[in-house]
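I am opening a notebook page on the voids and open sites of this protein. I will take confidence, pockets and cavities in turn.

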Amino acid sequence: MSLASTSNPGTPAPPADPRAAAHELAQEAKQLSQKVTAEVARVVVGAESVTRQLLIALLAGGHVLLEGVPGVAKTTLSKVFSRLLGCQYHRVQFTPDLLPSDVTGTSIFDRNANDFVLRKGPIFTQVLLADEINRAPAKTQAALLEAMQEYQVTVDGVSLPLELPFLVLATQNPVEQEGVYRLPEAQLDRFLLRIEMGYPGFKHEVGLLKLHSKPVVDVQPMFTPQMIIGLQKKLPGVYGADSLYEYICTLAAESRQHPDVALGASPRAALNLLRCARARAVLEGRHFFTHEDVQAVAFGVLGHRLILRPEAEIEGKNVAEIVREILDAVPVLETV
C-alpha cells in the first residue's frame, strides 16, 4: 500500500511544535523591538529603556503604570506607542469630578426607539490611556478593575466583552500630595509593570531641544491587533527549566518573609514575573529565558506590589533596595 493511499485528508494536522513557535517569536520580536525603539526615538528622546518595558508588557498581555514627575513625556510616549500598535485608542483625563459612568458609559433613553440604549464610554477601546489616574477618586478608579482583569465591562447589570488586545496605559505623578487619591493595593496589582520615567539626562535633553526644532514626526502603525494577539499566544512556548519556576516562587516567598515588608508578592506577582521574563527573553532574540531575565524584570513587577512596614520607611528604606535584597538573598540555581 502506498503512502498516499494511507493518508486521510480529513485527519487534522498535528499540533505545531511550541519550541518552533518560540524560535519564530524570538526572531520576530527582536526585529520588532529594534524597529519600535528607533521609531519612538524619533519623537521621544532617551526613552529606550521605557520603550523596551512597554514592549515586554505588550507581549505579556499586561497593563502598565507610568510614573514620573510632570514634563518627562509620559503622555507623549504613551500616545506614540499607542499609535505604533495600530489599535483603537482612547484617552481619558482623570480628574476629581470624573464619574465611573464617564469611563464605562451609561444607558440613555432613545425617543426614536422608545427604549434605553447603551452609550459606551471610552473604556470600550483596545488601548486606553488613563492620564493622571491618581487624580480620580477610588470609585472612579474602580471602574477599571473589571476591565483590566476580566476584559469585560458591566453596565446596568449587563456584562459586555472588550475587544482584544486590551491594554491600559496609566500615568501618575509620584510627588504631588494635594488633590490626588492613592491607588489601592487591588488597583496596583492589576498593573503588570510599574515603569519609572526620570529626567532624560544632559545629552538626551540637548537632543530633545534639537528634535523639537524640527517639524513634528508622524509615526505610522507597525502592528495590527491580529499580529499582537498572535505574538501573545506564542509566548507560553518560551522554554524555561524547572529550576527557574522554583526560583520565581522562592523570590515570591522571600518577599513575604522579609523583615521590612508588610505585604509580599502574591501568586499573581509570581505569574507576572514568569510572563515578563519570557517576554524579555524573546525581545533579546532567545527562545528560552534565564534567571537574568527574571532579575531584570523583578523591580518593574514587584516594586508596586510590596508594601513596606512603617518602621522601614522611617529608616529611609525604599522598595528598590528591598527588591535588591530579596534578589541577593535567593541563590541562583543551575538552569541546564
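**Entry 1: largest pocket**

How do the residues of the lining of the largest pocket divide into nonpolar, polar and charged? I looked this up before anything else. I get 10 nonpolar, six polar and seven charged residues.

This is a predicted model, and I keep that in view throughout. I noted about 650 Å³ of space for the largest pocket. I listed its lining at 23 residues. E67, Q172, R182, L188 and R194 are the ones nearest its centre. I then checked which elements give two or more residues to this lining: helix 8 (185–188), strand 9 (191–196) and strand 11 (307–308).

**Entry 2: second largest pocket**

I moved on to the second largest pocket, with about 500 Å³ of space. I count 25 residues in its lining. V43, V44, V45, A73 and L208 lie nearest the centre. Which element gives the most to this lining? I have helix 9 (residues 202–211), with four residues. By class, I record 15 nonpolar, six polar and four charged residues here.

**Entry 3: cavity**

The largest cavity holds about 40 Å³ of space. I wrote down its lining: A29, L32, S33, L55, L59, F223, L231 and L283. Seven of these residues are nonpolar, one is polar and none is charged.

I also sorted the lining of this cavity by element. Helix 2 (18–41) and helix 3 (48–60) each supply at least two residues. Helix 2 gives the most, with three residues.

**Entry 4: confidence**

The protein averages a pLDDT of 82, and 91% of the residues score at least 70. Where is confidence lowest, and where is it highest? I find the lowest mean, 42, in helix 1 (residues 3–6). The highest, 92, belongs to helix 12 (residues 267–283). I flagged residues 1–15, where the pLDDT is below 50. Beyond near neighbours in sequence, I see one contact for this stretch in the model.

Methods
Residues are numbered from 1 along each chain as its sequence is written. This is a predicted model: local features need pLDDT of at least 70, side-chain atom pairs count only at pLDDT 80 or more; totals for chains, interfaces and linings use all residues. Side-chain values use heavy atoms; hydrogens and water are left out. pLDDT is the predictor's confidence in each residue, from 0 to 100. Contact means heavy atoms within 4.5 Å. On a 1 Å grid over the protein atoms alone, a cavity is a set of points where a 1.4 Å probe fits but cannot get out, and a pocket is an open set with protein on both sides within 12 Å along at least five of seven lines; lining residues have an atom within 4 Å of a point. Grid points are joined across faces, edges and corners, and a volume is the space filled by probe spheres set on the points. Ala, Val, Leu, Ile, Met, Phe, Trp, Tyr, Cys and Pro count as nonpolar, Asp, Glu, Lys and Arg as charged, and the others, Gly among them, as polar.
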